[in-house]
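Here's a quick briefing for anyone meeting this structure for the first time. Have a look at the model, then read on.

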Amino acid sequence: MHRGPLLRLYLLLAHGFPLIAGTLLRKRLKRGKEHPDRWPEKLGQSLAPRPDGPLIWFNAVGLGEVMSLRGLITRMAALHPQVQFLVTSTTAASADVFAKNLPPRTIHQFLPIDAPGYRRRFLQHFQPDLCIWAEQDIWPGFISDLAKRNVPQAVIAARMDAKALQNRQKFSALYRDIYRPMRLITAQDDKTAQHLRALGGRDVAVTGSLKPAAPALSYDPNSLATLETALAGRTVWATAPSHAEDEAVACEAHALLRETDPTALLIIAPRFPNRDDIAENAKRRSKVELPAAEDPIWICDTFGELGLVYRLAKLVLVGGTFSDIEGHNPWEAAILRAAIVHGPRTANFTDDFAALHAAQAAQQVDTAAALADVLRSEQPAKLSQNAQAAIATAAARTDDLAQQLLDLLKGANG
């Protein structure tokens with residue numbers, strides 16, 4: 001692997017990371033930002049046992065990125081029954097939710113800080129046969145060490161907007177070195193592909209998002225059965241994962257809906273469950289409270305239960321689309337046949353929402369009145385049906401990508 005001046009400087013500075021790592025992790029631990037038992041993994045310590053057989057390592061930064069890998073891993077596992085999978089990420093939330101939705105033969109670890117000693121312990125322990133960097137999270141030290149070990153690497157489903165490109169171009173020589181060892185590079189959209197090529201990426205293919213090919217979110221069957229019985233005959237819809245701005249629009253629309261459908265129920269599933277500023281008199285899942293027939297709103301404020309919410313709701317107002325959050329993943333709800341409605345702010349998932357709109361499988365609403373009109377119409381059923389065609393198209397692309405990645409493993413092994 002070529003090591004230009006910027007990469008050599010980064011690798012030199014990385015020797016100093018342990019001087020601040022312990023202090024930083026302890027501060028984050030006190031603020032609840034680190035897993036209370038597993039944070040030593042970020043120092044390359046207390047690692048899980050390495051599974052037997054060929055090991056494919058995926059890395060993604062957080063919850064959304066990790067969850068999007070499930071469909072790809074499931075396909076690769078079916079194609080190659082001997083392969084084991086390791087997924088790393090950095091956020092505590094990603095570990096908690098992923099643990100409830102693990103693909104076949106998959107373990108999760110936190111990615112160690114990109115310092116020489118931590119990298120060495122991690123790589124010597126797991127000895128991956130293939131490394132796959134997903135979306136945006138790539139680390140020069142690990143890439144350099146893997147290249148020295150002749151471990152094939154790939155970047156998949158990359159996302160990079162114009163601002164990110166501008167920031168990276170200041171270190172373009174570093175990124176040329178980072179992308180040079182990659183045996184395969186794929187992007188979610190044409191603009192990202194152009195940006196990757198500008199930074200030295202070669203033969204970049206556009207394969208779209210992995211999110212619509214992911215398996216359905218998990219759920220507790222007993223809870224679903226109980227709630228379906230309690231809500232039988234009612235119009236149930238949701239806003240999720242929600243923020244205050246989404247909730248304000250949803251509550252106003254719900255009041256309008258109940259003028260003609262007085263039994264309707266709105267489920268609010270907040271992105272951050274530990275909030276007490278939502279519909280003060282509403283019953284809460286965290287208190288093991290079921291919605292009664294007269295309750296207009298129910299708050300599902302427990303983490304990792306969107307699979308339950310989306311199975312109950314005929315329509316979902318995607319959270320973050322009325323604020324500077326700029327949207328959350330719409331595919332998780334669409335996969336479970338909930339109709340997708342969203343506000344005007346979707347910058348975090350521009351291409352995902354564009355794909356849904358191209359399939360006539362999502363509806364933008366700018367006001368509570370417009371949202372209430374959709375809820376009272378026959379449109380939700382049509383949106384849900386059309387989404388299934390878009391999901392099938394994405395699944396076919398993911399099938400192809402799974403085979404390409406396994407071909408890299410096959411080439412590495414002989």
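Leucine 405 touches Leu72, Met76, Leu130, Ile132, Ala154, Ile156 and Leu184, leaving aside residues up to four places away in sequence; contact here means heavy atoms within 4.5 Å. Keep in mind that this is a predicted model, where local features need pLDDT of at least 70, side-chain atom pairs count only at pLDDT 80 or more, and totals for chains, interfaces and linings use all residues. Numbering runs from 1 along each chain as its sequence is written, and side-chain values use heavy atoms, with hydrogens and water left out.

**Nonpolar cores**
- Leu405 is among the residues with the most contacts inside the largest nonpolar core, together with Ile56, Phe58, Met76 and Ile156; that core has 64 residues.
- Helix α17 (residues 379-412) supplies the largest share of this core, nine residues; helices are DSSP runs of H or I, at least four residues, numbered from the N terminus.
- A second, separate core has 34 residues, including Tyr10, Trp57, Leu111 and Ala193.
- A nonpolar core is a set of buried Ala, Val, Leu, Ile, Met, Phe, Trp, Tyr and Cys residues joined through side-chain atoms within 4.5 Å.

**Around serine 223**
- Serine 223 sits in helix α11 (residues 221-230).
- With a relative accessible area of 13%, serine 223 counts as buried (under 20%; exposed is over 50%, partly exposed in between, with a 1.4 Å probe and protein chains only).
- Beyond residues up to four places away in sequence, serine 223 touches Arg285 and Leu308.

**Leucine 6**
- Leucine 6 belongs to helix α1 (residues 5-13).
- Leucine 6 is partly exposed, at 31% relative accessible area.

Terms used:
Helices (H or I, at least four residues) and strands (E, at least two) are DSSP runs, numbered from the N terminus.
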